[in-house]
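Subject: Handing over a structure

Hello,

Here is the structure I promised to pass on to you. Please have a look at it first, and then read on for what turned up.

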Amino acid sequence: MPVNISDKRETASHELPATPLDPSVRAARDEKIQIAMIALCGCWGCTLSFLDMDENLLRLLDKVNITRSSLTDIKRIPHRCAIGFVEGGVASEENIEILEHYRKNCDILISAGACAVWGGVPAMRNVVPLEACFREAYLDGPTAEPGVQPVIPYHPDIPRITTRVYPCHEVVKMDYFIPGCPPDGAAIFQVLDDLVNGREVALPGTINHYD
Amino acid sequence: MSIDISIDGQVYKARDGATLVDVAAENGVYIPSLCYVRGKPGLGTCRTCSVRVNGKVMTACTVPVADGMDVEVSEPGMAEMRKMLVELLFSEGNHNCPSCEKSGRCELQSLGYELGMMVSRFPYRFPVRTREHAAKQIWLERDRCIFCQRCVKFVRNLETGQKIFSIDHRGSRASIEIDVSLADKMPPEQVREAAHLCPVGCIVEKGVGYNKPIGQRRFEIKSIRERALERKCR
């Protein structure tokens, strides 16, 4: 299919031509439970912990299809998803928009990791005024480049930072929580496995940890 | 004198006047507690050992047992209330487990696991509290204080019995304070005991830290429930 991109200033990756998927593979994928993943203000450690499910990931993939995520490199939610796996807290306007988009397009949202659950390491800035944070990061910090006039980045394309970091559930309703920094792969598997098999989610104390 | 009390419908023999939380533990019934130190007077400050005694909510660490007492521990409403109290403690301070030296040895954290806390139902307050570094051997991380008052009551100058720790102000302005001159007279063993006595990571011994690998820390070896049910002093 010819794609005319000449009259647009920007092209999103999903608008580019792609090799069509084999219809039987497409059908098998569409039948599965759809999951979308996102990292807001976090370090991607929880997404790495997702991979720490190891061989359990294969068991899970028999039943689920991962749509938007950093692992699949799909950058938008293509259709309604059953589960949204959210890592990271809310620290910018963009985080708010994305989280609201996930809430609208996912049936169940999971807060995964300390940042999503209560703000985590980024929330350590909540006890310091935002101006002081910027000053330390861009003006007076030890990493400021010598001989260069220091500036605090400000541009319409850069999402504005919120005055404090919020847990996801203070922005939209979150349905399940997996604490940990990061949570164990086993804990993530336990919650997802319970959900995809229609069991009540029960994270045992033995694999639940906050650090 | 031996008396009979009922805990969750089961009758147990107990010594008249013994503390309820101890009687329960001796009979294998775990009542979560945080400020209580076995063998020392109950403080009743943290409220996490709340149970229903003869229909009224009370703290099990301050209640002496009496004949015919009817105690409800595992009734779902009471269990939920205790969980809520622990969640309240988590949201009230800055309990950043990933960065805390006490993680794995923290009684508050261990209680969170025990009660299955995933998140606090209360909005996290993120209070701004200054740290206190003035004492030579002790560093006070005020963010983490839960105002249990263990240190206030039980850590005293060995010669004069004077208090070393105190709480200033009330309510949201409350703050744990340290008498630096008295703290500097504490022998190193007493400093270690004080840091151990603190159920959270507020009283920290200077010069040591992160010295137990993950997986071998205090409550990873044995949970707070198992320790409470061991029927002996900490």
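Before the fold pattern, a word on terms: helices (H or I, at least four residues) and strands (E, at least two) are runs assigned by DSSP, and they are numbered from the N terminus. Please also keep in mind that this is a predicted model.

**Chain A as a whole**

Along its sequence, chain A reads α-β-α-α-β-β-β-α-β-α-α-β-β-α, which amounts to seven helices and seven strands. Its C-alpha atoms occupy a box of roughly 60 × 55 × 30 Å along the principal axes. Chain A has 211 residues, and 34% of them count as buried. Among the contacts in chain A with a separation of 6 or more, 77% are between residues 24 or more positions apart.

**The sheet in chain A**

In what order do the five strands of the open sheet in chain A stand? The order is 2-1-3-5-7, with parallel pairing. Strand 2 (64–66) and strand 7 (176–178) of chain A are at the edges; each has a single partner strand, so one side of each lacks a neighbour in the sheet. From one strand to the next, the twist averages 25°.

For a closer look at one pair, take strand 5 (residues 106–112) and strand 7 of chain A, which run parallel and are joined by three bridges. There you will find Ser111(A) opposite Phe177(A) of strand 7.

Helix 4 (residues 93–105) of chain A packs on this sheet, where it touches strand 1 (33–39), strand 3 (81–87) and strand 5 of chain A. The direction of helix 4 makes about 135° with that of strand 5 of chain A.

**Helix 7 of chain A**

Helix 7 (residues 185–196) of chain A lies across strand 1, strand 2, strand 3, strand 5 and strand 7 of chain A, and runs at about 160° to strand 7.

Several residues of helix 7 of chain A are buried: Ala187(A), Ile188(A), Phe189(A), Gln190(A), Val191(A), Leu192(A) and Leu195(A). Their cover includes helix 2 (45–51), helix 3 (55–61), strand 3, strand 5 and strand 7 of chain A. Just after helix 7, Gly198(A) has a positive phi of about 70°.

**Some backbone details**

As background, most residues other than glycine have a negative phi, and most peptide bonds are trans. Here are some places to look at with that in mind.

- The peptide bond between Cys181(A) and Pro182(A) is cis, with omega about -5°. Pro182(A) sits in the loop between strand 7 and helix 7 of chain A.
- Asp73(A), which is not a glycine, has a positive phi of about 60°. It belongs to the loop between strand 2 and strand 3 of chain A. Asp73(A) counts as exposed because it has 8 C-beta neighbours inside 10 Å, and the cut-off for exposed is 12 or fewer.
- Arg47(B) also is a residue other than glycine with a positive phi, near 70°. Its place is in the loop between helix 1 (20–26) and strand 3 (50–53) of chain B. Is Arg47(B) buried or exposed? Arg47(B) has 20 C-beta neighbours inside 10 Å, so it counts as buried.

**Chain B**

Strand 1 (residues 2–7) and strand 2 (residues 10–15) of chain B run antiparallel, joined by six bridges. Together these strands make a hairpin with two residues between them, and Asp8(B) in the turn has a positive phi of about 50°. In this pair, Ile7(B) faces Gln10(B) of strand 2.

Further along is Glu226(B), in helix 8 (residues 224–228) of chain B. Glu226(B) has 12 C-beta neighbours inside 10 Å, so it counts as exposed. Its C-alpha atom is separated by 32 Å from that of Arg125(B), which is 101 residues away along the chain.

**Where the chains meet**

How many residues of chain A are in contact with chain B? There are 22, and they are in contact with 17 residues of chain B. Helix 5 (residues 114–118) of chain A gives the most to the side of chain A that touches chain B, with three residues. By class, that side has 13 nonpolar, six polar and three charged residues.

Enjoy exploring it!

Best wishes

How values were computed:
Residues are numbered from 1 along each chain as its sequence is written. Chains are lettered from A and ligands numbered from 1 in the order in which they are written. This is a predicted model: local features need pLDDT of at least 70, side-chain atom pairs count only at pLDDT 80 or more; totals for chains, interfaces and linings use all residues. Two residues are in contact if their C-beta atoms, placed from the backbone, lie within 7 Å. Ala, Val, Leu, Ile, Met, Phe, Trp, Tyr, Cys and Pro count as nonpolar, Asp, Glu, Lys and Arg as charged, and the others, Gly among them, as polar. Two strands pair if DSSP finds at least two bridges between them. Axes are lines fitted to C-alpha atoms, for helices over the stretch in contact, and angles run from 0 to 180 degrees between N-to-C directions.
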